[in-house]
Each structure stands twice: as structure tokens, then as C-alpha cells.
Amino acid sequence: MISIEDKALLRWCIEKILSQGADAARVTLNRSVEELVATLDGEVDKVTRCEDSSLSLEVFVEGKFGSFSTNRTQRESLERFIRKAVAMARTMEPDPLRHLPERGRKAADALTGLEAGLYDTAQEDVTPAQRVENALKAAAWGRYGAAEGMTVLSEEGEYSDSCNDNLVMDSEGLECCHTETSFDYGVEITVADAGGRKYSGYAWDSSSRRDGLDAAACGRRALERACARKDSAALPGGKYTMVVDSEVAGKLVTPLLSALSGYSLQQGNSFLDGSLGQQVFAEGMTLVDLPREKGLQGAKYFDSEGVATRNLPIIENGKVKLYFLNTYMAGKMGMEPTIEGATKVKMMPWPQSGPEQARDRAALLRRCRSGILVTDFNGGNCNPATGDFSYGIEGFLFEDGELVRPVDGMLITGNMKTLWQHFFAAADDARRCLSKLIPTLAFSSVDFSGE
Amino acid sequence: MSNNTFGIRMEDLQALVAEGLSGGGDWCDLFFEYSAYTSLMLRDGIVSSGGSHEDYGCGIRVLKGEKTGYAYAESTDMKALRKAARAAAGIAGGGSGAACGTPHRVECPNRLYPAGTDWREFESAAAIPWLQRIESEIRRRESRTLKVIASFSCDMSEVLMFNSLGELTEDLRPMGSLAVTAIFSNGKKVINNNASRSYRAGAEMLGDAVVQDLADEVVRGIDEAFEARRPKGGKMSVVMGAGASGILLHEAMGHAFEADFNRKGQSVFSGRMGQKICRSGINIVDDACLPFNRGACNFDDEGVPGQKTYMVTDGVLTSFLHDRISAKYYGVAPTGNGRRESFRYNPIPRMRATYMENGSDGSVEDLIASVRKGIFVDRFSNGQVKIGEGDFTFFVKSGRLIEDGRLTAPVSDINIIGNGPKALADIRAVASDLKIDESQWTCGKEQSAPVSCGIPSVLVENLTVGGGQ
């Protein structure tokens, strides 16, 4: 938790920066403690303790700007560091657009760090023995057998709990705190079939609350996923209906968020340049940012400039409603600043009611009848300027709404705008612990390359 | 000790190792690191942002068999270090531990990156004209330039390692990098291109040669890029141009040769040591000893001297890439591949500079001439691999179709997918034009690590290329 001493240290840093002749300053303290227990084949393999603390200084001096960080937080070494930092900032070229955000935009309601409701005091009480127990009891090794004809080769699991503190202060009196605990478990299982061909499966869970972590089911789920890959193969290339599982669907949203960032737009390196207010995507596509949903993992009341976040639509019924513009980028583009980036995006279900509504993946597969279900991506990229993408995929062929056989070694290729114009349904099954709340999605006429 | 950056004495090192071994551990090592990093960025014609970052601390690792206890302190105060040593010692679970050996210095067998001008003495403002020069050289070459973002970074890490054998090693690791992204428009279409250079070298790396080199590369193939289209996707022959195509080795083979994956039975190459895995005449190495190369290591992060490791010799799998844990497990000497992102991480087997040695199948033109239908690729942005399955992908920024032995229409933004062992077996020809790529490659296996790659032009059959249908 952020202490009075932490705030006093940051105030002292700001005073020192200003005493070197700076016009303004913003100082950020990030601190974290993490305890981790990794297992290999049902036994403890690694125990790690991490304790980090780092100070970031942003210096505005004579119309110039520099950003600096150090993990040496003793005042004597900090004083030396600050002196050098201000001197280096002075060597930059002047840029009148570099300044602190307007006072009225800054957050004033995140003073204790607890406002977002993501701190669980139970994290302090977890003992080393409990961490080992948590890691071991989630493992599938020795408890669940592989499917017939399959052998479990390896199981790697990892339990961790952590607490992260973030304090931002500036020379105009800004003071914002955020504290968040996290309890996490992930496991990867490798199996082999009778011919020695290997397959892997992964499962994980995460919660900001100790009693919210459901690790116990992860080992078994990873094992089932690995075994389900048996005899996977590429299908003939062609146009297929594509359903993307909620666990990985966020991959297709990331390029949209990057393209709406001021950093891309201002450089002309965005396929969504000029899209604000335009109908670019399918009408049912609504993407919102929910940074102020108290208790929702990943929620945060302020961004790195200390600007207050708001729950906002990003794309509404296919129309682009928001560019992500921090103070600097807004100045460059001659636009009003918004927020520097998305905090916790959510794709709304579509349709939201009626006979075509599909609550979960199974219902969406039934609605689509046949196509390819994508359960994982394997590499690939999206060109930020054109939106042209190509990703490796694995998943399952489905027919009459049922999974028929596993597929791998295939690629999807297309353009992001076109893909999202072909988006026609979203379930309502996004996992709350994912960084993006994206449900299972369905797209028509997607180019798959394969055999 | 040759420097006093960490304010630590030999008896402190011994005391910490003793503390680490007190729980019954059979190995303990200490990794002290002070890293100072500076960066500058040119955007819209001005260098209006820059900064410096420092990181200081010590990681303490205790091993019991293959099990690891790890903790670190962001201070070299003995109280904090003892606390970290006790936390790491907890892995051992009791009993009497090994004793610390007699302290002795391990001399550096290769001085691979003696910095001419130490970055710690470098005034960062001196890099500003070089960034401005990169932009002006690009604009001079190409009138369709819309925007240029150029960045400079330099890093100097001081490292001190001590272990329970009593071995003391020190290393001073410079790294200097320049990178540029340029946006071009012909009025109808916007395209981007990027290029970078990165070396374990001091400020002497900044100069006209590297600026011209970057400007040349970033404008190369612009006309073709404006015309580029997606090919029809499917399985086809791929001729991979010399240099950056080494990403094929990194993703498709290198990761699967890392011994931790093999020790755990996860790699597609587990249990295949000594077997023929590709055609005779193919040699694949992972080399720490290329002077000034981004992947060069005087010592790895376990204090093992850098070395050149043949993973594939004349088509036969001859070595995995080992850290100390896997080397002990396999009963072989460590290969100097135990690397880590910083003192915050325990070392794991990582690649350095991974490349294939020259073949004897002629030139790249010969390879292209032998293909009836396929593609030639020479620029890449990233790659990925699934270790168990061996399925790898890499993303191609640019290339050309091959039709009846000739290069024809330009292509761009395509992903290529294949399977490691199969792709190795499907290498049909290797040219004699080996090139080590000097771009700013960073591998992301659990932790970030600077690496490089290289390859002569090769012809690989049966890779799946993404495209329209």
C-alpha cells in the first residue's frame, strides 16, 4: 500500500526537479511484490520472490521534455539522478506541445488506491506453504489420465500472487493512487500420441481476489485441450465462416485499438485515419471502455498522465466514436484530448436479444452451423498503415454446430476493416479476468490458407 | 574485483553464497548488475523526447538438483541481500548444503566488444544530429516520404557474477542501437517500412556508414511495396533471402534445440540427439563469439565463457543449447547459453547469434531459377513457435512471386507457417552467400534477450503461405 512516506518522497522529488530550474514535473512510483511457485510434473520446480520499486520522472523545462526512471530510491542517489535528468532534458529540442494536462482533466477521486475495489488484504496473509499447496493442488499430473492412446509428457504449472502499487503526482498538486492485488494460476501440458506426435494445451485463471481464483480446474482443462488436438491437420484452403473463441478473440481487437491511438493516427500510420464518426464496421459492433467498473479486474481511475478515465464508447453500432489522444498527441493533431489508451475494453453481445442471440460458444456454433472454430493464434501480424493481416491459427472444423476434427497449420489472411465488416455475431461469454472482455465472435467469408 | 560499482567485498560474496546454501542447496550463484540506458526519439523532424533509465540490483539463485530458488534485491546492502539469499535458499528444504569453493577469478577468453567510446561518457545530445541526418537522407532519397520516426538508444551494463565454485567473473556489456520507421504515400496508398542496426559496441558505432545503410534499407523496394499484393495462399516453395531469413532458424529450430524444453520432454526434438534431421552438408550454429554482434557474450549470465555451439553438424543433431541445469542433467559441459533479461530473472537456455553456415548449391539466382512456382522473401517483422508441436510462423514484410524460375509480382504482409522438423527436412538447397543480419532482434521467450540471426539463401519446400483464395 502507498504510504505517507511514499507521497513525501515524490513531493521531495518534484521539489528537487523544480529547484533545478524545471517548469513542471510529474513523478510516478511503481512498486510490486510477487511470490511465485512453479511446478514441473507434479513437484515444486521453482520458488521466486520479487520485490520491485521504481521511480519515473517526467521533466518539463524551458519548453523541453525528458522522461527518466531509476530503481535507486535513496535520496542521495536520487538527487544525483535528478540533477542529470534535468540537464539531459535541457538538451532536447524545444516543443511547445509538451506540457502537463489541464487541471480540470485530472483525476481527483483516486486518493487511497482502493477506489477501484481491486485490493484484497488476504494477499498479505498467504503463507509460503499455502502457495505450494495452491500450485500442487491445481496440477493434473498423477490425478487425471490422458485420453486413450495418449501419454502425458510434461506438465508445467505456475501459481503466483502479487500486489502492485502505483502513485502519480505532479507539480500542480495531482495525487493519484492505485493498488491492485492479483492471484494467478497457469498450466501447460504436453502429451504425445502412440506415434510420438506431440500436442500441448494451456489453461489459466486470474482474479484480484484470493477467493476468486479458480485454479483447481486448470490442470484438467489444459489436459483435455492437449488431447483434443490429436491428429490435427490442415484443411483445404478456402473461404469459411470463422468463429473465434473468447479466450483468444482479443487478438483481433488489438489492431483496432492501435489504429485508434494518436501515436498511429498522427503519423499517418493508421488504417483508421479519418474514421472518427464514420460507419466503418458492421452495425452490430459495439466496443466500450470500462475503466470505472469498480471491482472489474484491470479497472483504473486514471491514466499515466493522471487524467481521469471515463466509461466511453469506442465503436458504437459500427461507428468510430473515440480516438485515444493524450495531451501531447491532441496538441499535435489540433484536437481535444481524450484519454491516452483503452483500459478495459468490452465487446457487447450481438444480437442482444431475439432468436438469433447466442449466449455462449456452443450456441454460436449451432447458429453458424459450419465453419472453423479458432481456439488459438500462432504468430502473424497486422500492417498498421493498411490493416492487412495474416495470422497462423489452430482450432476445429465444425459442422451442424458440432466440433468435427482439430485443424492446425492454417492461416487466415485479409484486411481488418473488411474482417470487421463481415462480423455478424458475438456471444456473451467474455471471461472477466481477461485484459479485454471479448466474447466468442463470428465472421463470414474469411480466407483460410491450408493444404 | 576490478570495480567497486556494487560496493561489495569478496568476503560478502562468500557469506551470501553460504547463506544461500544453508538450506541444503547444492549450487548458489549471485548476479550483480548495474545497467544505464539512454534513449532519444526524432518525430516530426525534432528530437523532443528522450530520457535515461537505470537499474541496479542483485539476483541470487539456489539450485537443488534441477529445482530453483530465486530472489533478488534492488540494493547491494547486505541486509537486503541476505534476505534474498534466505528466500532463495528455501527451495532446498533442509539438509546440509554444498560448501563454497576457493574464490578465484575467471579470465575472459574473448574480449568480443571492447567499447571504443564508453556510453557512460557519452553526451546523449551528440546523437541528435545523427537522428536528424537519418531523416534528411531518407527524404533526399525518396520524395514520397510522409513521416520519419528515428530512435537511438545506448545501454551499458556492468555485471559481476560469483558462484559456489568460487568463480568470479565480470563483464562490461555495451549496446548501441538505431532504428527508423518511415511512412510513404503515393497519393493512393500509404505504406510503412522500417530498419534498424544494433551492436555490442560503444559510441564509435555512430557514423555516416550506419546512417547511409539505414536510409538505403528503409527506402529499398518502395516502388514494389506500392504495387505489392497478396499472393494466392497455399503450400509452395519458398526461397529465403540471405540475412534476416535466419528468423527461420530461430523460430523453427533454435527454440526447439533449447535444452530446457528437451529436458522436460516438451520439444519436438526431444530424444533425437545424434539423429539425422536434415540433408548432409547443413551446419546450424549458435554463436556467442561474433565480435560486436548483438548476440555476442564474453560470458553468459551464469559466468560460462561465450562459445560457438554446433547444433546441427552435416545434417545431424549434435548439441542442444544448455544452461548449467540442463548441462548437468545431460552430463555435458554448459554451452554458455544461460542468459537472463536482468538480475530480476533466473537464467534459462537462450539463443545468441543463430545462423546456418554456407552451403554449396550456388547463388540465390540459382535457387530462384530452380523454382517453378513459389515466393522469394527477404524482409520480416516477427515470428513465433509452438515448442511441442514444432509449428512455427514468421511474418513477411516483403518479397516477390517466383514464376517459372523468375521473380515476378511483389508481395507483402503474409504469414508463413510450417513445422520445424519437416521444414528442416524440406531444405532443398543452400547457397553460399551467408549474411548475418544486424537488426535489433529481441527474443521474447519468458524474458527479453538481444539476439541476432543469419542464413545463406535457402530453398524450402512445402511451406504454407497465407493469401487470398
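Modeller: Helix 3 of chain B passes helix 4 of chain B in a right-handed crossing. This is a predicted model, so take everything here as computed from it. Helix 3 covers residues 128-141 of chain B and helix 4 covers residues 208-219 of chain B, and they pack at an angle of about 40 degrees with their axes 9 Å apart. That angle makes helix 3 of chain B oblique to helix 4 of chain B. On the helix 3 side, the contact is made by W130(B), R133(B), I134(B), E137(B), I138(B) and R141(B). Facing them from helix 4 of chain B are V211(B), Q212(B), L214(B), A215(B), V218(B) and V219(B). Sorted by class, this contact of helix 3 with helix 4 of chain B has eight nonpolar residues, one polar and three charged.

Helix 1 (residues 4-19) and helix 2 (residues 75-90) of chain A have axes that come within 9 Å and cross at roughly 40 degrees. Helix 1 and helix 2 of chain A are therefore oblique to each other, and helix 1 of chain A passes helix 2 of chain A in a right-handed crossing. Here C13(A), K16(A) and I17(A) from helix 1 of chain A meet L78(A), E79(A), I82(A) and V86(A) from helix 2 of chain A. That contact has five nonpolar and two charged residues, with no polar ones.

Come in from the strand 11 end: strand 10 of chain B and strand 11 (residues 316-317) of chain B pair in the antiparallel sense over two bridges, with V312(B) standing opposite L317(B). These two strands form a hairpin with two residues between them, and D314(B) takes a positive phi near 50 degrees there.

At the strand 11 end, three bridges join strand 8 (residues 287-289) of chain A to strand 11 of chain A, and the two run antiparallel. L287(A) has M347(A) as its bridge partner in strand 11 of chain A.

Strand pairing also goes across the chains. Two bridges join strand 3 (residues 64-70) of chain A to strand 2 (residues 46-64) of chain B, and these run parallel. S69(A) has H53(B), in strand 2 of chain B, as its bridge partner. As for the whole contact between the chains, it takes 58 residues from chain A and 61 residues from chain B. Strand 2 (residues 43-61) of chain A gives the largest share of the chain A side, nine residues. By class, the side of chain A that touches chain B divides into 17 nonpolar, 27 polar and 14 charged residues.

T393(B) counts as buried because it has 29 C-beta neighbours inside 10 Å, and the cut-off for buried is 20 or more. Leaving out residues up to four places away in sequence, T393(B) touches N378(A), G379(A), G380(A) and G392(A) from chain A. From chain B, T393(B) touches G383(B), Q384(B), N415(B), I416(B) and I417(B). G383(B) is ten residues from T393(B) in sequence, and their C-alpha atoms are 5.4 Å apart.

Methods. Residues numbered from 1 in each chain as written. Chains lettered and ligands numbered in written order. Predicted model: local features only at pLDDT ≥ 70, side-chain atom pairs only at ≥ 80, totals over all residues. Buried ≥ 20, exposed ≤ 12 C-beta atoms within 10 Å, placed from the backbone. Contact = placed C-beta atoms within 7 Å. Helix = DSSP H or I, 4+ residues; strand = E, 2+ residues; numbered from the N terminus. Nonpolar A, V, L, I, M, F, W, Y, C, P; charged D, E, K, R; others polar. Pairing = 2+ DSSP bridges. Axes fitted to C-alpha atoms, helices over the stretch in contact; angles between N-to-C directions. Parallel < 35°, antiparallel > 145°, perpendicular 65-115°, else oblique. Left-handed = near helix turned anticlockwise from the far one by under 90°.
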